[in-house]
Amino acid sequence: MSAIDSLPPLRQVIADHGLSARKSLGQNFLLDLNLTAKIARQAGNLSTSDVLEIGPGPGGLTRGLLSEGARRVLAIEKDHRCLPALQDIANAYPGRLQVIEGDALEIDPLAHLTPPIRVAANLPYNIGTELLVRWLTPPAWPPFWQSLTLMFQREVAERIVATPGSKAYGRLALLAQWRTDARIVLALPPEAFTPPPKVSSAVVHLTALDKPRFEADAAVLNRVVAAAFNQRRKMLRAALKSTAPDIEDRLRAAGIAPTDRAEQIPLEGFCALAREIARS
Ligand code: SAM
């Protein structure tokens, strides 16, 4: 295995700094620096971007991002035990790594970043979906980021790229696919992590589109999709009763049979329905 930088191997970093993994912080570390460099390469052209990393931990992916040429990395880490190890990385890459200690759900990173911005993270599983939904639903589009390269549990990754008719198809797929190109770029078995989690993982790369794939008001679309999939086994005329008094007419006008179920309807259909509901 070739070294990607002059810093010590991650196993040694973890031993030196006493970074025993904590389940409560979703800590499953990647220790293979060739693998973290490979993940970094999926994030696109880093040399012209600032990269926001959530949860650097002992710094495996951080080192991958920097050795692959990221212009700057801003890393937000909740576990203060990791800060000395991250400081060693900052010293090895002068001026290119800034670390903020704190909760990624509470910190606004934008003041510390210069566009273009890419996000790359091996996310803590307990906040991964919440962060993704926030990044996909900013007040205005295009968002602050050009791309997201994120590790998820495989089942969540599959929900992001799911197509109509599949069990995984739902709100996350529609949110992601409305305004991004989303694809799974890497699959990882539990053994790739220390300690190994119970399930497999996958890296999803999402690229922000300049504008949504189909026209629709974001709030209306969100409301319709949430209602439709809250009762996914019901026919849409029942599941969407609360969204418009004349929902059967609206469904027909959008080219959808009132007896269809949410998981049969493609993105284009939901956008047409959101436009019809906004019109009424
Ligand atoms: N990036 C490292 C790697 O790939 O080995 C660690 C990934 S580990 C799955 C998730 C990291 O997120 C941990 O270092 C954990 O301490 C951190 N973390 C957990 N909750 C967080 C939060 N709310 N805000 C910021 N970091 C958090």
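I take a polar contact to be a pair of N or O atoms within 3.5 Å; within protein, one atom must be able to donate a hydrogen and the other to accept it, and residues adjacent in sequence count only if both atoms are side-chain atoms. The model is predicted, so I note that local features need pLDDT of at least 70 and side-chain atom pairs count only at pLDDT 80 or more, while totals for chains, interfaces and linings use all residues. Residues are numbered from 1 along each chain as its sequence is written, and side-chain values use heavy atoms, with hydrogens and water left out.

**Entry 1: Asp 5**

I began with Asp 5, which lies in the segment before α1 (10–17); helices (H or I, at least four residues) and strands (E, at least two) are DSSP runs, numbered from the N terminus. Which side chain does Asp 5 join in a polar contact of 2.8 Å? I found that of Arg 63. A polar atom of the Asp 5 side chain also lies 3.1 Å from the backbone nitrogen of Leu 7. Leaving aside neighbours within four places in sequence, I found Asp 5 in contact (heavy atoms within 4.5 Å) with Arg 63 and Tyr 93. Asp 5 counts as buried because its relative accessible area is 15%; buried means under 20%, exposed over 50% and partly exposed in between, with a 1.4 Å probe and protein chains only.

**Entry 2: strand β2**

I then turned to β2 (residues 50–54), where five of the five residues are buried. Asp 50, Leu 52 and Ile 54 point one way from the strand, and Val 51 and Glu 53 point the other way.

Two strands pair if DSSP finds at least two bridges between them. I looked up the partners of β2 and found a parallel pairing with β3 (residues 72–77) over five bridges, in which Ile 54 stands opposite Ile 76. Between β2 and β3 the chain passes through helix α3 (residues 60–67), and this β-α-β crossover is right-handed, a term that applies if, with the strands pointing away from the viewer, the path from the first strand over the helix to the second runs clockwise. A parallel pairing with β5 (residues 117–122) has three bridges, and there Leu 52 has Val 119 as its bridge partner.

**Entry 3: the ligand**

How many residues surround the ligand? I found 21, and the closest are Leu 30, Gly 55, Glu 77, Asp 103 and Asn 122, where a residue is near if one of its heavy atoms lies within 4 Å. An oxygen atom of the ligand lies 2.6 Å from a polar side-chain atom of Glu 77. For Asp 103, I noted an N or O atom of the side chain at 2.8 Å from a nitrogen atom of the ligand, and for Pro 56 a polar backbone atom at 3.4 Å from a ligand nitrogen. Of the 600 Å² of accessible area that the ligand has on its own, the protein covers 99%; such areas come from the Shrake-Rupley method with a 1.4 Å probe, and for residues only the protein chains shown count as cover.

**Entry 4: Glu 101**

Glu 101 lies in strand β4 (residues 97–101). I recorded it as partly exposed because its relative accessibility is 46%. Beyond its neighbours within four places in sequence, Glu 101 is in contact with Glu 77, Lys 78, His 80, Leu 83 and Ile 107.

A polar atom of the Tyr 169 side chain lies 3.5 Å from the backbone nitrogen of Leu 267.

In α7 itself eight of the nine residues are buried, so the helix is largely enclosed by the rest of the structure. The cover over these buried residues includes α5 (125–136), α6, β7 (180–188), β9 (201–208), α8 (218–230) and α11 (267–279).

**Entry 5: cis peptide bonds**

Last, I looked up two peptide bonds. The bond from Trp 141 to Pro 142 is cis, with omega near 5 degrees, and Pro 142 is in the loop between α5 and β6 (147–153). Thr 194 and Pro 195 are also joined by a cis peptide bond, with omega about -10 degrees.
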